[in-house]
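Take a look at the chain below. A short walk through its features follows.

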Amino acid sequence: MILNGETILDGDYLEASKNGTLDDKDHPGLQRDRGHIGFLGHGDVVRFKNIRIKEL
């Protein structure tokens, strides 16, 4: 993830979840490379503005 030209997050979710997820639940959409995008707040109020999604 890049914010204001600086990389703030660089990770591979497939590598991180190869031994299962932290909640030990089945997430069938985890391996998909197309579909819906979910924004999670983990119980906190989250606001998003000017979201742009670019196909790589």
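Where is N50 found? N50 sits in the segment after helix 1. Keep in mind that this is a predicted model.

Stay with N50 for a moment. Its phi is positive, about 55°, although N50 is not a glycine. Most residues other than glycine have a negative phi. N50 is also exposed, because its relative accessible area of 62% is over the 50% cut-off.

D24 counts as exposed, because its relative accessibility is 70% and exposed means over 50%.

Now turn to charge. Side chains of opposite charge can pair when their charged atoms come close. How many salt bridges are counted here? The count comes to 1 salt bridge. K18 forms a salt bridge with E15. Their closest N and O atoms are 2.8 Å apart. That pair qualifies because the rule asks for a side-chain nitrogen of Lys or Arg within 4 Å of a carboxyl oxygen of Asp or Glu. K18 is exposed, with a relative accessible area of 54%. E15 is partly exposed, at 45%.

Next comes a contact between parts of the chain. L30 belongs to the segment after helix 1. L30 and L14 are 16 residues apart in sequence. In space, their C-alpha atoms are 7.8 Å apart. L30 is partly exposed, with a relative accessible area of 27%.

Which residues make the nonpolar surface patch? I37, F39, V46, F48, I51 and I53 make it, and the patch is about 580 Å². Take F39 as one of its members. F39 lies in the segment after helix 1 (13–16). F39 is partly exposed, with a relative accessible area of 45%.

Finish with the largest pocket. About 2100 Å³ of space lies in it. Strand 1 (2–3) and helix 1 are the elements that give two or more residues to the lining of the largest pocket. The lining has 33 residues in the largest pocket, and M1, Y13, I37, F39 and I53 lie nearest its centre. By class, the lining of the largest pocket has 14 nonpolar, 12 polar and 7 charged residues.

Terms used:
Residues are numbered from 1 along each chain as its sequence is written. This is a predicted model: local features need pLDDT of at least 70, side-chain atom pairs count only at pLDDT 80 or more; totals for chains, interfaces and linings use all residues. Side-chain values use heavy atoms; hydrogens and water are left out. Patches are made of residues with over 30% relative accessible area and no salt bridge: like charges are joined within 9 Å, nonpolar side chains (Val, Leu, Ile, Met, Phe, Trp, Tyr) within 5 Å. Accessible areas come from the Shrake-Rupley method with a 1.4 Å probe; for residues, only the protein chains shown count as cover. Helices (H or I, at least four residues) and strands (E, at least two) are DSSP runs, numbered from the N terminus. Buried means under 20% relative accessible area, exposed over 50%, partly exposed in between (1.4 Å probe, protein chains only). On a 1 Å grid over the protein atoms alone, a cavity is a set of points where a 1.4 Å probe fits but cannot get out, and a pocket is an open set with protein on both sides within 12 Å along at least five of seven lines; lining residues have an atom within 4 Å of a point. Grid points are joined across faces, edges and corners, and a volume is the space filled by probe spheres set on the points. Ala, Val, Leu, Ile, Met, Phe, Trp, Tyr, Cys and Pro count as nonpolar, Asp, Glu, Lys and Arg as charged, and the others, Gly among them, as polar.
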